[in-house]
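Visitor: Could you take me through the charged side chains of this model?

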Amino acid sequence: MDEIEDVANTISHDELLEITQSSLCTLLNYDSLLCDLPSDIITEEILSQIAVEHGQSIRIFISREDEPALKVIVPQKASVGDLKKAIARHFEIHQKRTGSKVKISWKYIWKTYNLSFDGIILDNNRNPIEDYGVTNKVILTFTKRRRKAKKNI
């Protein structure tokens, strides 16, 4: 016990943080359930991952044209609006990790693009995603909205 106290008194705070971070990284890499999580994980992501493992939530992949797919976790009974909020939150976390300072206007994104699954557009924010056939591990895509033609009278 005295050895631990001696080590604790000789290590600086920064060194202790570095040791803790590297230990957590090692543990996460060797755990089969947590190995796909980032090393700078936040509590929200851990709780989401646990909810998926317990069958309370589902993982949805969002395909973007030239970008890697986003992995978004939502409750099984989520609405389309809840899914859109989860996408925005996931992207916010992604931006913090990458250090990006680009401001995203989600209002513009949802006015310009729809989410679709197997050619079906998820168009009503109040409808549950299960009404559109969205289940665990499906791939949704962003599709450009078509403009309605104006009628000339």
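Predicted model: local features only at pLDDT ≥ 70, side-chain atom pairs only at ≥ 80, totals over all residues.

Guide: Residues are numbered from 1 along each chain as its sequence is written, and side-chain values use heavy atoms, leaving out hydrogens and water.

Visitor: Which residue forms a salt bridge with glutamate 44?

Guide: A salt bridge requires a side-chain nitrogen of Lys or Arg within 4 Å of a carboxyl oxygen of Asp or Glu. For glutamate 44 the closest N and O atoms of the pair are 2.8 Å apart, and the partner is arginine 89. Glutamate 44 lies in helix 3 (residues 43-53) and its partner in helix 4 (residues 80-98), helices being DSSP runs of H or I with at least four residues, so parts 45 residues apart in sequence are tied together by arginine 89.

Visitor: Is glutamate 45 buried or exposed?

Guide: Buried means under 20% relative accessible area, exposed over 50%, and partly exposed in between, with a 1.4 Å probe and protein chains only. The side chain of glutamate 45 meets that of arginine 97 in a salt bridge (2.6 Å, N to O). With a relative accessible area of 15%, glutamate 45 is buried.

Visitor: Which side chain of opposite charge is nearest to arginine 64?

Guide: Lys and Arg count as positive and Asp and Glu as negative, with His and the chain ends not counted. Arginine 64 is buried yet has no salt bridge. The nearest side chain of opposite charge, 4.3 Å away, is glutamate 67.

Key:
Helix = DSSP H or I, 4+ residues; strand = E, 2+ residues; numbered from the N terminus.
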